[in-house]
Amino acid sequence: MKRPMLIAGPCSAESEEQLLETAHALSGRVDVFRAGLWKPRTKPGGFEGVGAVGLPWLQRVRCEAGVRIATEVATPQHVEAALSHDMDMLWLGARTTANPFAVQELADSLRGVEVPILVKNPVCPDLELWMGAIERLRNAGIRDITAVHRGFSTYDRNVYRNPPQWAIPIELRRRCPDLRLLCDPSHMGGSRELVAPLSQQALDLGFDGLMVEVHPHPDTSLSDREQQITPDEFLKLVDRLVLREDGADLTANKNTEASLSELRDKIDRLDAELVHLLGDRMEVVERIGAYKRTHHILILQPNRYNDMLRVSTELGERLGMPREFIEKVLQAVHEESIRRQLDQT
Ligand code: PEP
Ligand code: MN
């Protein structure tokens with residue numbers, strides 16, 4: 001069982017005292033101390049950070065609390081200032097990752113520098129854009145790169161500030177199994193009470209650690225007030241985290257291994273059955289397509305599709321599966337069916 005990597009600290013550096021107070025309270029319990037100096041605000045007028053004056057404050061934190069220090073960079077000027085003050089780690093924020101021009105400029109300014117970089121996911125749910133940013137940094141010679149999942153913006157109101165859409169980081173993990181992956185439950189949840197459950201969920205999904213916003217007096221913080229927790233709350237959260245064994249460690253427990261591998265075999269067999277069934281379904285789809293073609297019938301028949309969706313979602317619900325889940329699956333199947341029928345024409 002690997003201990004999760006922990007990064008914590010305030011959303012923004014507000015004063016030297018605030019940083020030192022937070023860092024002392026976290027001393028010995030976190031791997032890296034974070035604080036934003038240049039804050040990308042969605043609208044003008046918000047607190048935009050103290051800027052470069054905070055760099056020596058962070059250096060003092062490292063010296064006094066014996067912890068590595070990290071801050072966000074969004075322009076080559078930030079990189080230059082941060083490196084000239086020896087930051088141990090830098091991160092690219094979600095708004096920056098969304099912009100390939102900005103990422104490329106940052107990558108160019110980091111060429112030849114041995115500093116670990118965290119790359120937050122872009123604000124939009126676009127895995128390619130996230131991976132593209134990582135690739136640009138790799139191409140510039142950065143070797144120590146960590147992805148940070150902080151959820152994705154939506155237009156709808158939601159319990160989460162940035163809904164997790166876990167399938168996206170899970171796919172990132174599948175494609176880049178060696179990339180370190182952290183979760184930022186603070187920006188994801190957007191509220192104090194969601195930080196702990198999201199942290200646990202992330203670890204249950206195999207994330208390598210957490211990046212959490214911690215402020216000594218959240219109610220008076222100058223940014224992201226609702227989501228910051230106190231150092232005390234953070235340490236309690238960490239103590240309560242349940243660490244699970246990952247698959248590779250299971251040999252430690254032969255019984256678990258036996259029953260788990262049986263269950264996995266079963267899943268593999270069911271998956272194979274599912275794929276065979278889909279294949280059979282596609283064959284029928286093609287026969288229907290041929291019929292429609294010879295009889296000059298439109299390929300897409302919304303009524304038929306709606307009926308099919310209704311029947312299957314009702315069945316799914318009776319079997320304990322949410323309507324949205326069945327809809328998603330059937331939509332994917334339907335899309336492929338339409339594609340095949342179009343191909344036949
Ligand atoms: C932050 O970490 O303070 C921050 C601005 O986060 P994000 O880029 O994920 O919105
Ligand atoms: Mn923040």
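Let me begin with Phe234, which touches Leu6, Ala8, Leu26, Val30, Val212, Val214 and Ile229, leaving aside residues up to four places away in sequence; contact here means heavy atoms within 4.5 Å. This is a predicted model, in which local features need pLDDT of at least 70 and side-chain atom pairs count only at pLDDT 80 or more, while totals for chains, interfaces and linings use all residues. Residues are numbered from 1 along each chain as its sequence is written, chains are lettered from A and ligands numbered from 1 in the order in which they are written, and side-chain values use heavy atoms, with hydrogens and water left out.

Phe234 is among the residues with the most contacts inside the largest nonpolar core, which has 67 residues; such a core is a set of buried Ala, Val, Leu, Ile, Met, Phe, Trp, Tyr and Cys residues joined through side-chain atoms within 4.5 Å, and buried means under 20% relative accessible area, with a 1.4 Å probe and protein chains only. A second, separate core of 10 residues includes Met5, Ile7, Val32 and Trp91.

Finally, the cysteines: the whole structure has 0 disulfides, a disulfide being a pair of cysteine sulfur atoms within 2.5 Å. The sulfur of Cys183 lies 16 Å from the closest cysteine sulfur, in Cys11, and is therefore too far for a bond.

How values were computed:
Buried means under 20% relative accessible area, exposed over 50%, partly exposed in between (1.4 Å probe, protein chains only).
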